[in-house]
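Please examine the structure shown below. The questions that follow ask on what grounds its features receive their names.

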Amino acid sequence: MNRAWALPAILLILIPGTVAHGQDAPAVPPTSGTLSVSFFLPGGGGGGIGVWRQMGKRFSLGLEMEGAYNKQKRKVFNQAVSVEGEGRTRSILVGPSVKRYWDPTARVAPFLYLHTGFGFSEVDTKATGDAGESSQGGHAFFTRIRPGIGADWFPLSGVSIGGYVGFEYGYDFQKSDSPEATAKTWTTNIDTLTSGLRLNLYF
């Protein structure tokens, strides 16, 4: 299943059953002042963690951090050329988030979500072939704004599973360096986003 449709499909399966059996559930989300830790897999890969504090009945404020590390190897061999290369990418994104719950008494609690993050990424590549060895590196500073809609499901006391779907606005400043030249670019983009499932633990 395409990741973009996985979360809505799961929520559609879970919500009707849990609402029907959750009439006697305790008030959700937790009371004001409750702390929680969330673990999640961002839609773009990698992993993340967040620390949240419940502010009143409907609002929850958090600080989230996500990171990713990718390593790739590539080999090209034919009669004309022989090249072997390796590339690595590292990135981190940190920023505040807010949830605004629609119904603070439901076992399945829908919410509005907003995250603003600031990040840094680094890329380096190295290639070895018939023409010798070459290398290229670069880094980027970027910001992300993510408005969305989602839900938290509370199957047990002190535990919830949730996620959200929405949009992502990004602004990037990138600088790449090679023996031949240095390039600087500024880019903006808007795309759809799905968070992946999140596990939330309350204290």
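**Burial, charge and ring pairs in a predicted model**

Arg198 has a relative accessibility of 7% and counts as buried. The model is predicted.

Q: Why is Arg198 called buried?
A: Buried means under 20% relative accessible area. The value for Arg198 is 7%, so the residue counts as buried.

Q: What makes the contact of Arg198 with Glu64 a salt bridge?
A: A side-chain nitrogen of Lys or Arg must lie within 4 Å of a carboxyl oxygen of Asp or Glu. The closest N and O atoms of Arg198 and Glu64 are 2.4 Å apart, and the two residues form a salt bridge. Because Arg198 belongs to strand S9 and Glu64 to strand S3, the pair ties together parts that are 134 residues apart in sequence.

Q: What makes Glu66 and Arg146 a salt bridge?
A: The limit is 4 Å between nitrogen and carboxyl oxygen. The side chains of Glu66 and Arg146 meet at 3.0 Å, N to O. Since Glu66 lies in strand S3 and Arg146 in strand S6, this pair ties together parts that are 80 residues apart in sequence. Both Glu66 and Arg146 are buried. They also belong to a network of salt bridges that links Glu66, Arg144, Arg146, Glu168 and Asp172.

Q: What makes Lys99 and Asp152 a salt bridge?
A: Their side chains meet at 3.0 Å, N to O, and the limit is 4 Å. The pair links distant parts of the chain, with Lys99 in strand S4 and Asp152 in strand S6, 53 residues apart. Lys99 and Asp152 are both buried. By the salt-bridge rule, the count for the structure comes to seven.

Q: How do you know that the charged end of Lys99 sits over the ring of Phe111?
A: For Lys, the NZ atom must be within 6 Å of the ring centre and within 35 degrees of the ring normal. The charged end of Lys99 is 4.8 Å from the centre of the Phe111 ring and sits over that ring.

Q: What makes Phe154 and Tyr202 an aromatic pair, and why is the pair called tilted?
A: Ring centres must lie within 6.5 Å, and planes under 30 degrees apart count as stacked, over 60 as edge-to-face and the rest as tilted. Phe154 and Tyr202 are 5.6 Å apart centre to centre, with 35 degrees between the planes, and form a tilted pair. The pair links distant parts of the chain: Phe154 in strand S6 (residues 132-156) and Tyr202 in strand S9 (residues 198-202), 48 residues apart. Both Phe154 and Tyr202 are buried.

Q: Why is the pair of Phe173 and Trp186 tilted?
A: The ring centres of Phe173 and Trp186 are 5.1 Å apart and their planes stand at 45 degrees, so the pair is tilted. Phe173 lies in strand S7 (residues 159-177) and Trp186 in strand S8 (residues 182-194), 13 residues apart. The structure holds five aromatic pairs.

Q: Why is Met65 called partly exposed?
A: Partly exposed covers values between the buried limit of 20% and the exposed limit of 50%. With 38% relative accessibility, Met65 counts as partly exposed. Met65 lies in strand S3 and is one of the residues of a nonpolar surface patch with about 870 Å² of accessible area together.

How values were computed:
Residues numbered from 1 in each chain as written. Predicted model: local features only at pLDDT ≥ 70, side-chain atom pairs only at ≥ 80, totals over all residues. Heavy atoms only, no water. Phe/Tyr/Trp six-rings, centres within 6.5 Å; stacked < 30°, edge-to-face > 60°. Helix = DSSP H or I, 4+ residues; strand = E, 2+ residues; numbered from the N terminus. Buried < 20%, exposed > 50% of the residue type's maximum accessible area, 1.4 Å probe, protein only. Patch = residues over 30% accessible without salt bridge, like charges linked within 9 Å, V, L, I, M, F, W, Y side chains within 5 Å. Areas by Shrake-Rupley, 256 points an atom, 1.4 Å probe, with all protein chains shown as cover.
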